[in-house]
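Subject: Handover of a structure and notes on what was found

Dear colleague,

Please find the structure below, followed by an account of what was found in it.

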Amino acid sequence: MRRKLAAGNWKMNMTPTQTKEFLKEIAPLVKGAESEVLFFVPAIDIPAAVEAAAGTGIGIGAENFYFEDKGAFTGEISLEMIKDAGVSYVLIGHSERRTIFSENDEWINKKLLKAIECKMKPMLCCGESLEIREKGETLSWIEAQIRSAFNGVSADQAAATVIAYEPIWAIGTGKVATTDQAQEVCGMIRKLIAEIYDADTADKIRILYGGSVNPENAAELFAQPDIDGGLVGGASLKTSFEKIVKA
Ligand code: PEP
């Protein structure tokens, strides 16, 4: 049985002070939740988040890192730094990193391999633009992203990775994918994992939906057979995220 996962992605929001206040408020609301609860936070917020989340069951993840160990990479942080700060999850391949910061498939593969090497828990994002969807090329686009990201990853390593399917046109737009659209792609990703690896790996891997998830639409999306929870941006900045966790 795959454990459901409700993950927040704060993006460039929340100061360290706000981080502590928010986690103090939400921790009792999600205490004892059946699903795993996790927030990806900006690097500067990591120490405050790790401290505030200690003993609450809430996991803390890093929104970004660089795949080299150390050196002349001004402005970047390494996995050793993140790990030392007490973080276990890392987000890879978010569409904002791909489009605004020009991260390509080669980088994303390097990041996934590095995260696995460093024994971090990676969450890999994939998703199509509106243009790709309208051309009817969604499934082949997602397949190419997944095949490239998982190049060199073993079956056991893949099973421990979380995939987040996030149609770009649904991120931060309020325009959520229909449950059928979300299930179709998440189901196709699971079939693809079975094809690349085997049925057991496909059965173990968790696949989330992300894109304008909110307390009203979460339950229907998460009830789909191949959707194991959500990656949530805007709605993870409010304590009503509790309702998404419970959905
Ligand atoms: C995201 O940032 O991954 C996301 C899905 O954002 P939102 O929920 O705001 O659409």
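Leaving out residues up to four places away in sequence, asparagine 9 touches Phe40, Glu63, Leu91, His94, Leu231, Val232, Gly233 and Ser236; contact here means heavy atoms within 4.5 Å. Asparagine 9 belongs to strand 1 (residues 5-9). Helices (H or I, at least four residues) and strands (E, at least two) are DSSP runs, numbered from the N terminus. With a relative accessible area of 5%, asparagine 9 is buried. The word "buried" stands for under 20% relative accessible area, "exposed" for over 50%, and "partly exposed" for values in between (1.4 Å probe, protein chains only). The side chains of asparagine 9 and histidine 94 are joined by a polar contact of 3.4 Å. A polar contact is a pair of N or O atoms within 3.5 Å; within protein, one must be able to donate a hydrogen and the other to accept it, and residues adjacent in sequence count only if both atoms are side-chain atoms.

Please note that this is a predicted model, in which local features need pLDDT of at least 70 and side-chain atom pairs count only at pLDDT 80 or more, while totals for chains, interfaces and linings use all residues. Residues are numbered from 1 along each chain as its sequence is written, and side-chain values use heavy atoms, with hydrogens and water left out.

The barrel

Eight strands form a closed barrel in the order 1-2-3-4-5-6-7-8, with parallel pairing. From one strand to the next, the twist averages 25°. Two strands pair if DSSP finds at least two bridges between them. Strand 5 (residues 121-126) and strand 6 (residues 162-165) run parallel and are joined by four bridges. Cysteine 125 has alanine 164 of strand 6 as its bridge partner, and leucine 124 has isoleucine 163. Strand 6 also pairs in the parallel sense with strand 7 (residues 206-210), again over four bridges, and tyrosine 165 stands opposite tyrosine 209 in strand 7.

In a regular strand the side chains alternate between the two faces of the sheet. Strand 6 is covered on both faces: Val162 and Ala164 on one side, and Ile163 and Tyr165 on the other, are all buried.

The helices

How far apart are the end C-alpha atoms of helix 1? They are 21 Å apart, which agrees with the 21 Å that the 15 residues of helix 1 (residues 16-30) should span at 1.5 Å a residue; the expected span is 1.5 Å times one less than the number of residues. Thr19, Phe22, Leu23, Ile26, Ala27 and Val30 are buried in helix 1. The buried residues of this helix pack against strand 2, helix 2, strand 3 and helix 12 (241-246).

Helix 2 (residues 46-53) lies across strand 2 (36-41) and strand 3 (59-62), and runs at about 165° to strand 3. Axes are lines fitted to C-alpha atoms, for helices over the stretch in contact, and angles run from 0 to 180 degrees between N-to-C directions. Helix 7 (residues 138-149) lies across strand 5 and strand 6, at about 150° to strand 5.

Isoleucine 196 is found in helix 9 (residues 179-196). Its relative accessibility is 29%, so isoleucine 196 counts as partly exposed. Apart from neighbours within four places in sequence, isoleucine 196 is in contact with Ile146 and Arg147.

Which residues are closest to the ligand? Of the 14 residues that surround the ligand, the closest are Lys11, Glu166, Gly172, Ser212 and Gly233; a residue is near a molecule if one of its heavy atoms lies within 4 Å of it. A polar side-chain atom of lysine 11 lies 2.7 Å from an oxygen atom of the ligand, and for a polar side-chain atom of glutamate 166 the distance to a ligand oxygen atom is 2.7 Å. Glycine 234 has a backbone N or O atom 2.9 Å from an oxygen atom of the ligand.

Lysine 11 lies in the loop between strand 1 and helix 1. Its phi is near 55°, a positive value in a residue other than glycine. Lysine 11 counts as partly exposed, because its relative accessibility is 21%. Lysine 119, in the loop between helix 5 (105-117) and strand 5, has a positive phi of about 60° although it is not a glycine. Lysine 119 is exposed, with a relative accessible area of 69%.

Yours sincerely
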